[in-house]
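Welcome! Please have a look at the sequence and the structure first.

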Amino acid sequence: YYNENGDLILACNEDTVITPAIPDEDEGGNEGGDDSGEGGDNTGSGSVDYDTTEDLSGIDQSVSIPLTQEYFPDPVFRDYVTAFDADNDGTLSPAERNAVEFMLCGWCDITTLRGVEYFPELIELWCEGNKLTYLNVTANTKLQILSCIYNDLTGLNITGLADLEELRCSGNYSLTAPIWRNANRIAHLAHLAQALFSEKLK
């Protein structure tokens, strides 16, 4: 379903059936805040997350990023990306981050992937079976495959991912309105989503 701005809006209800919906961004932000707070009760500071409607595509990728809680709030994900610190200086340089094209961080009890936006060359992101409540990959504009099945997602932003070919997001039963805009291959994505959920687009 296309809204007045030409955005394709897909929503998954409790039975993971794709149905058209137009999300209210103000309401979505409020709901996101409530859900994020609930996640914090279970996981502590690692669950602090960003607004899933935030456009992260303009982040300055020319500076080194410290391997600290400020930039990578979740300790498990921070440990994971520390492996990319080739010179062991406690930061990820642009060269070190740009060398990362694949991330396999599924089933690790990760509560937030905040920090993934600093990897602009990422092609595949596999983060299944974690405890993610929000996922914003608007800065990962070269992403081709995103698999985030079996999380606790209530917000998913894949705006502007023109190269995205494969999206797997089933098993997120509270995911009501993924933000899906400006994708050049949107017809293919819609077809793929239909196949994934075994339902017709309505």
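## A first look around

Tyrosine 150 sits in the loop between β8 (145-147) and β9 (155-157). Please keep in mind that you are looking at a predicted model.

**Tyrosine 150 and the surface**

- With a relative accessibility of 45%, tyrosine 150 counts as partly exposed.
- Together with Trp107 and Tyr173, Tyr150 forms a nonpolar patch on the surface. The accessible area of these residues comes to about 420 Å² together.

**Overall make-up**

- The protein has four helices and ten strands.
- Read from the N terminus, the order of these elements is β-β-α-β-α-β-α-β-β-β-β-β-β-α.
- The chain has 202 residues, and 48% of them count as buried.

**The four-stranded sheet**

- Four strands make up an open sheet with parallel pairing, in the order β5-β6-β8-β10.
- The edge positions belong to β5 and β10 (166-168); each has a single partner strand, so one side of each has no neighbour in the sheet.
- On average, neighbouring strands of this sheet are turned by 5° against each other, direction ignored.
- In general, the strands of a sheet pair through backbone hydrogen bonds, and the pairing is either parallel or antiparallel.
- Between β8 and β10, which run parallel, there are three bridges. Leucine 146, for example, has leucine 167 in β10 as its bridge partner.

**Aromatic rings**

- The structure contains six aromatic pairs. One of them joins phenylalanine 72 and tyrosine 118 edge-to-face, at 6.2 Å centre to centre and with 65° between the planes.
- This pair links distant parts of the chain, 46 residues apart. Phenylalanine 72 lies in the loop between β3 (65-66) and α2 (75-82), while tyrosine 118 lies in the loop between β5 (102-104) and β6 (124-126).

**Salt bridges**

- Across the whole structure there are four salt bridges.
- In one of them, arginine 114 meets glutamate 54 through their side chains, at 3.9 Å from N to O. Arginine 114 is in the loop between β5 and β6, and glutamate 54 is in the loop between α1 (25-43) and β3, so this pair ties together parts that are 60 residues apart in sequence.
- The side chain of arginine 114 also meets that of glutamate 117 in a salt bridge, with 3.3 Å from N to O.
- Which residues are linked in a network of salt bridges? They are Glu54, Arg114 and Glu117.
- Glutamate 117, by contrast, is buried, with a relative accessible area of 0%.
- Another salt bridge brings together the side chains of glutamate 166 and arginine 168, at 2.4 Å from N to O. Arginine 168 is partly exposed, with a relative accessible area of 30%.

Terms used. Residues are numbered from 1 along each chain as its sequence is written. This is a predicted model: local features need pLDDT of at least 70, side-chain atom pairs count only at pLDDT 80 or more; totals for chains, interfaces and linings use all residues. Side-chain values use heavy atoms; hydrogens and water are left out. Patches are made of residues with over 30% relative accessible area and no salt bridge: like charges are joined within 9 Å, nonpolar side chains (Val, Leu, Ile, Met, Phe, Trp, Tyr) within 5 Å. Accessible areas come from the Shrake-Rupley method with a 1.4 Å probe; for residues, only the protein chains shown count as cover. Helices (H or I, at least four residues) and strands (E, at least two) are DSSP runs, numbered from the N terminus. Buried means under 20% relative accessible area, exposed over 50%, partly exposed in between (1.4 Å probe, protein chains only). Rings of Phe, Tyr and Trp (its six-membered ring) pair if their centres lie within 6.5 Å; planes under 30 degrees apart count as stacked, over 60 as edge-to-face and the rest as tilted. Two strands pair if DSSP finds at least two bridges between them. Axes are lines fitted to C-alpha atoms, for helices over the stretch in contact, and angles run from 0 to 180 degrees between N-to-C directions.
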